[in-house]
Protein chains: 2
Amino acid sequence: MFTDPVDCYAYSYDNSRNFRPPIAVVFPLTAEEVQAVVRLCNEHKVPLVPRGRGTGTAGGSVPEQGGVALSLERMNRILSIDPDNRMAIVEPGVLNQELQDAIRPQGFFWPPDPSSAPYCSVGGNLATCAAGPHAVKYGVARDHILGLKAVTGSGDLIKTGCYTTKGVVGYDLTRLIVGSEGTLAVIIEATLKLTPLPRAVGGLTAQYRDTTSCAHAIAAIMAQSFVPSALEFLDNNALNLIRNRHPGMLPEDMRALLMIEVDGSEQEIAEARAAILKACEVDGLIEAKEAHDTKSLWAARKALSPLLRDIAPKKINEDVAVPVSRLPELLGGIEKLATQYQVANVNFGHAGNGNIHVNLLVNPDNPEEMQRAEKCLDEVFSLVLGLDGTLSGEHGVGMAKRPFVDREIDAVTLDFMRNIKRTFDPANILNPGKLFPAVGH
Amino acid sequence: MFTDPVDCYAYSYDNSRNFRPPIAVVFPLTAEEVQAVVRLCNEHKVPLVPRGRGTGTAGGSVPEQGGVALSLERMNRILSIDPDNRMAIVEPGVLNQELQDAIRPQGFFWPPDPSSAPYCSVGGNLATCAAGPHAVKYGVARDHILGLKAVTGSGDLIKTGCYTTKGVVGYDLTRLIVGSEGTLAVIIEATLKLTPLPRAVGGLTAQYRDTTSCAHAIAAIMAQSFVPSALEFLDNNALNLIRNRHPGMLPEDMRALLMIEVDGSEQEIAEARAAILKACEVDGLIEAKEAHDTKSLWAARKALSPLLRDIAPKKINEDVAVPVSRLPELLGGIEKLATQYQVANVNFGHAGNGNIHVNLLVNPDNPEEMQRAEKCLDEVFSLVLGLDGTLSGEHGVGMAKRPFVDREIDAVTLDFMRNIKRTFDPANILNPGKLFPAVGH
């Protein structure tokens, strides 16, 4: 256990702009130890904030109300890999990449692939219902989980789901806990569904003269029947970040780029490639082509989030999603709002899911700029909700999106969620204050 | 509204052996009408049993405690089909087949495909988390739903999920309600995720000298990387039912049969067929071969459930699932138990999910036989749970599996489920008594 403020410091923040040190950090190794900590905190009404590796971007693992940080990083064993049944049982502290490395030799992968995969934990992936570029074909964390062991806010150990690919006995507590951001229970073990590695992978790129034409192409790609295994969009400001880092890599006249991956058998890839290239052909296309070596491009794409942090450490980082057919309206609308409010912004993301990372680059020491950015953000959210979208496709609510939740979820439905929270965590000790709008908001 | 006992009769049973007439049947057309009925029942503490088309096999829609049957059959509009976003919004009374017929011309299907598809409702499919032969590749109902509108036991209208393929704002109430068998809320609208139709479909059959060798082949097929789109198992007694109906269709020396479907591109089908034929080659194989015309065979497979009803109207119909690698132990164990207790049984089902329909053919007028069958069943469940299996892969708990639920789900976890039930349905009016073991059991 850490109680020295210097030691606690590293557990006071995540990859958001939020910071609040816990009074102590504990590192349980067993279910019993987790239960003991939870019961103690429950008894003394002390906030307890479960934490994977603190890579979230919404403040979900920040000990906002102080209390104890419950780091699951030492519960990091892969308990079993069962290739015959395509399952693995892991403790929550196993890193996403460690899992991938362990199952790849057996011919499998676990689809959630956030850009933090090398250093984020599977427990955190489940708590946030993480996704990533491959979600467009393979789905998100909730689609790749069969069962959980978890400790509720009352210190009870529950066992959810089953060890079979079908099962309908009792309520689906598994998916209730997945994505609940540590507010209902502490995940201490997970039975994961594994997916066979694709036989082969192919790449495409498509360059556009402007964002709107690119958005139309995205909608056209998703409206035909070959589902890409990744469909990533980068706007001109995102491309400029790459241009600055890798001069000469990208043509100057391109204002929007699609990076497309297809997988399957060679014939399937060939057929998908042909169909997708055809869908790419909208007005505004510069060139769409097979990408033979996409490694450097994907590396550049993966480096975008850290690059953004370098140039604007206090950027406002959003994660909205809309139905893909509404992407032209979304991206066009964001460009208009950014111009109107004179806010520098960089947009990129998982276009196949309509999931766009909207980054507003602001200087927090400039109150006037911050005010403009906040007004702009407010209108971005109105735009998103007006397009049948959601405020967060994969990052979660945490602290960051809390003020806006009740614009997406109505008061009656939110009350049912609050009642579920009370059922699992009667003393409100588990990650208190997260996920819900503030009372009275 | 029906109140005449003659009219109510048709709403007093499902496809199980259970029967109990409601005092009234109501046919709401709108959300407001559903809310009005729920509120009235809530106020007067009258049981209210939501009902699709009553095709369930576990008694889930039987008005066991009397009260009002809430038939959703007239809320049967397809509200929208959105091919660009691969979604459809439907009312709960739409038949599964009606939905398939509406989306097929646009190149889509909705994967849940119970054998009752022509006459079961989508609302019922969601309430039971229905599946069918194609679940082995495409998953179950909870994998093909994005959002719901539902009326809780308190008469509140809630709106869950979102109209995007990714979304992590708030708790996942969608999947909490899916599979809850009408005990939490009445589904009045569903946003469904559609799946592109496969490019092509191919068939295989594999004949075995005995069940055990066939079970080993199932495990081998599922351990290689090509996932069949269906993998159906029929034991010798199931084959005999088909033999009686279709003389000459099936060879006499075959004691177990696999019906295998693969889909995808032509090359993918060819590769999958080769890999699966190889996996079929275990000791005990008579012949594995491509099936050029599988229509009559699939028709025979589909007719099995009704055939069984004809020969044993009071059969005990189970729906267990185990990890596929444990199928040899399960099927071997069931054969042993059937011999030991001298109970005629027919086993078949969705072997790729380890999901076997175990049918004990009994005469309810023979108390001694019934006693033997019940002992046998008890041991079958112990066997299943000992093999990390579940009591129900797709039929649900309803009334039928209620006495056994607490052998699968521990008391602590069940209590959390009961608390969720109370949160959604404080007066316990929605399908009361279903899904949970009797209090004190």
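Me: Which residue is the bridge partner of Glu232(B) in β13(B)?

Reply: That's Met259(B). Before we go on, keep in mind that this is a predicted model. Strand β13 of chain B covers residues 256-264, and six bridges join β12(B) to β13(B). These two strands run antiparallel.

Me: What makes β12(B) and β16(B) a strand pair?

Reply: Two strands pair if there are at least two bridges between them. Three bridges join β12(B) to β16(B), residues 344-350 of chain B, so they qualify as a pair. They run antiparallel, and in β16(B) the bridge partner of Leu234(B) is Phe348(B).

Me: Why is β12(B) called largely enclosed?

Reply: Count its residues: the strand spans 230-235 of chain B, and six of the six are buried, so the rest of the structure largely encloses β12(B). Ala230(B), Glu232(B) and Leu234(B) point one way, while Leu231(B), Phe233(B) and Asp235(B) point the other, and all of them are buried.

Me: How do you know whether Asp82(B) is buried or exposed?

Reply: Buried means under 20% relative accessible area. Asp82(B) comes out at 17%, so it counts as buried. You'll find Asp82(B) in strand β4 of chain B, residues 78-82. Leaving out residues up to four places away in sequence, Asp82(B) touches Met87(B) and Tyr163(B).

Me: Why is the aromatic pair of Tyr9(B) and Tyr13(B) called edge-to-face?

Reply: The ring centres have to lie within 6.5 Å, and planes over 60 degrees apart count as edge-to-face. Here the centres are 5.8 Å apart and the planes make an angle of 65°, so both tests are passed. Tyr9(B), at 46% relative accessible area, is partly exposed, and Tyr13(B) is partly exposed as well, at 34%.

Me: How many aromatic pairs are there over all chains?

Reply: The count comes to 18. There's also an aromatic cluster formed by Phe2(A), Tyr11(A) and Phe27(A).

Me: How do you know that Arg199(A) lies over the face of Phe226(B)?

Reply: For distance, CZ of Arg must be within 6 Å of the ring centre. Arg199(A) is at 3.5 Å from the ring centre of Phe226(B), so that part holds. Arg74(B) lies over the face of Phe27(B) too, at 4.1 Å from the ring centre.

Me: Last one: why are the two copies said to be related as by a two-fold rotation axis?

Reply: Chain B can be laid on chain A by a turn of 180° and a shift of 0.0 Å along the axis, with an RMSD of 0.0 Å. The copies are therefore related as by a two-fold rotation axis.

Terms used: Residues numbered from 1 in each chain as written. Chains lettered and ligands numbered in written order. Predicted model: local features only at pLDDT ≥ 70, side-chain atom pairs only at ≥ 80, totals over all residues. Heavy atoms only, no water. Buried < 20%, exposed > 50% of the residue type's maximum accessible area, 1.4 Å probe, protein only. Helix = DSSP H or I, 4+ residues; strand = E, 2+ residues; numbered from the N terminus. Least-squares fit on C-alpha atoms with pLDDT ≥ 70 in both. Phe/Tyr/Trp six-rings, centres within 6.5 Å; stacked < 30°, edge-to-face > 60°. Lys NZ or Arg CZ within 6 Å of the ring centre and 35° of its normal. Contact = heavy atoms within 4.5 Å.
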